[in-house]
Amino acid sequence: MQGSQPQVVVLDNAASEDDGASFSVPQFCLEFIGALKDVHVASIKPGHTRGDHYHVARREVILVTHIDRWSLYWDTGEDTEILGRRFDGGGVVAIALLPNVAYAIRNDGKELLWIVAAMDGAHDPAHPDTYRRVVSPSSPSESTSHPIPGGVPNSFESGLKTIEDVERF
């Protein structure tokens, strides 16, 4: 079963520079999840990746809090094209994912990356809905001569398609 492209939104800082930062989750993210059933918080160390999986039934909204460079990779179902988007600097990005869309978040920077993931279904070890499908390159410094699954090059510079028109709130 095919999914659709994730919705990716760069959130605007609502606080002054002196106050730090404050970001509001857009209404569409709350409506996308509906009844919140599961939330988890995770960090990603520099040079590491989290994800490379998809959910069969659950919708997911991921908030990525960053102060350095990171990359998002995804597909829209098995045997579909792998896409990617790179982010730089600091801020928060919301990512809304439908079932069957595999994704990975890679920390390409030198600082810790934090994510908060909210889902519309509870985690149930007796009835798993999370399955591995690798969509990320093996390493941020890996040469483009080493293809990742699906034959997609390992770097944005070598032709990986990207989403440039990220919606801003």
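Helices (H or I, at least four residues) and strands (E, at least two) are taken here as DSSP runs, numbered from the N terminus. On that basis, the secondary structure of the protein comes to 1 helix and 11 strands, which follow one another from the N terminus as β-α-β-β-β-β-β-β-β-β-β-β. The model is predicted, so that local features need pLDDT of at least 70 and side-chain atom pairs count only at pLDDT 80 or more, while totals for chains, interfaces and linings use all residues. Residues are numbered from 1 along each chain as its sequence is written, and side-chain values use heavy atoms, with hydrogens and water left out.

**Overall surface and contacts**
- Of the 169 residues in the protein, 44% are buried, where buried means under 20% relative accessible area, exposed over 50%, and partly exposed in between (1.4 Å probe, protein chains only).
- The accessible surface of the protein is about 9000 Å², and 50% of this belongs to carbon and sulfur atoms; areas come from the Shrake-Rupley method with a 1.4 Å probe, and for residues only the protein chains shown count as cover.
- Where contact means heavy atoms within 4.5 Å, 80% of the contacts between residues at least 6 apart in sequence join residues at least 24 apart.

**Nonpolar cores**
- A nonpolar core is a set of buried Ala, Val, Leu, Ile, Met, Phe, Trp, Tyr and Cys residues joined through side-chain atoms within 4.5 Å; the largest has 20 residues, and those with the most contacts inside it are Ile62, Val64, Trp70, Leu72, Ile95 and Ile105.
- Two or more residues of this core come from each of strand 1 (7-11), strand 2, strand 4, strand 5 (70-74), strand 6 (83-87), strand 7 (91-97), strand 8 and strand 9.

**Histidine 66**
- Histidine 66, in strand 4 (residues 60-66), is buried, with a relative accessible area of 6%.
- A polar atom of the histidine 66 side chain lies 2.8 Å from the backbone oxygen of glycine 89.
- Leaving aside neighbours within four places in sequence, histidine 66 is in contact with Asp88, Gly89, Gly90, Gly91, Val92, Val93 and Leu113.

**Leucine 112**
- Leucine 112 is placed in the loop between strand 8 (103-107) and strand 9, and is partly exposed, with a relative accessible area of 38%.

Methods
A polar contact is a pair of N or O atoms within 3.5 Å; within protein, one must be able to donate a hydrogen and the other to accept it, and residues adjacent in sequence count only if both atoms are side-chain atoms.
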